Amino acid sequence: MRFGTEAFYASIGRAFVAMCAFVPVLFAIEFVDRLNNQRLDQEGGIKPHEIDGLDGILFAPFLHAGFDHVLANSIPLILLGTFVLAAGTARFLLTTAFIALVAGVGVWFIGDEGTVVVGASGVIFGYLGVILMRGVVEHSLWHIAVGVLIGLLYGWQLFGVLPGDEGISWQGHLCGFIAGLVAAVLFRRRRPRPVDRADTLELDPEPS
């Protein structure tokens with residue numbers, strides 16, 4: 001997927017459409033949650049330090065505290081998710097699963113006791129970490145440029161990894177961001193090993 005090629009733009013376009021199609025799913029889940037008096041949040045959210053809150057690690061990224069919460073996450077999720085997905089579906093799925101797992105486990109261990117944590121913010125911060133780190137580990141000018149652009153647009157969100165406003169899970173943001181940095185290394189695109197010319201030489205068949 002070389003920058004400027006037809007395949008490059010096609011990959012970006014497909015990823016953008018896919019992420020745009022996913023966001024309505026989050027709104028639909030929130031609509032069902034509203035019909036059930038936020039019961040999904042209570043039963044599917046992460047409850048730090050509580051055994052029955054461990055299943056929230058799986059479900060919490062799909063749940064939100066209201067339509068405003070979904071809307072606030074939609075734009076960065078589409079933008080960041082597009083660039084992560086454009087690098088390959090398999091890498092995207094592995095990266096997303098890893099970020100969600102690490103962020104969720106981190107929230108469960110260091111989150112505030114007595115709270116219920118929901119939302120895709122941990123994954124979003126993870127995507128931000130992936131993009132910023134990917135340009136470095138893959139020596140990709142394209143990813144570095146994207147990282148700089150994302151940093152200019154959403155760099156202020158990095159403050160979300162620090163303790164701040166009540167009701168915002170900075171633990172999820174921090175763990176997600178760190179998981180994204182690690183995921184960029186674990187799931188980096190491997191450069192093909194240089195082939196030794198001697199390995200390509202074929203011996204003439206022995207005369208019969």
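So, Asp41: leaving out residues up to four places away in sequence, Asp41 touches Asp33, Leu63, His64, Ala65, Val116 and Val118, where contact means heavy atoms within 4.5 Å. Asp41 sits in helix 2, residues 39-44; helices here are DSSP runs of H or I, at least four residues, numbered from the N terminus.

Quick housekeeping. This is a predicted model, so local features need pLDDT of at least 70 and side-chain atom pairs count only at pLDDT 80 or more, while totals for chains, interfaces and linings use all residues. Residues are numbered from 1 along each chain as its sequence is written, and side-chain values use heavy atoms, with hydrogens and water left out.

A salt bridge needs a side-chain nitrogen of Lys or Arg within 4 Å of a carboxyl oxygen of Asp or Glu.

How many salt bridges does a search of the whole structure find? Two. One pairs Glu30 with Arg34, with the closest N and O atoms 3.5 Å apart. Both residues lie in helix 1, four residues apart, about one turn of the helix. Glu30 is buried at 2% relative accessible area, whereas Arg34 is partly exposed at 43%.

The other pairs Arg39 with Glu43, closest N and O atoms 2.8 Å apart. These two are in helix 2, again four residues apart, about one turn. Arg39 counts as exposed at 51%, and Glu43 as partly exposed at 45%.

Now the surface. Phe31, Val32, Leu35 and Leu40 make a nonpolar patch of about 370 Å². Helix 1, residues 6-35, gives the most to that patch, with three residues. Val32, for one, is in helix 1 and is partly exposed, at 38%.

Last, confidence. pLDDT is the predictor's confidence in each residue, from 0 to 100. The protein averages 83, and 81% of the residues score at least 70. Helix 5, residues 89-110, is highest at a mean of 94, and helix 9, residues 197-200, is lowest at 49. Over residues 198-204 pLDDT stays under 50, and the model has one contact there beyond four places in sequence.

Methods
Patch = residues over 30% accessible without salt bridge, like charges linked within 9 Å, V, L, I, M, F, W, Y side chains within 5 Å. Areas by Shrake-Rupley, 256 points an atom, 1.4 Å probe, with all protein chains shown as cover. Buried < 20%, exposed > 50% of the residue type's maximum accessible area, 1.4 Å probe, protein only.
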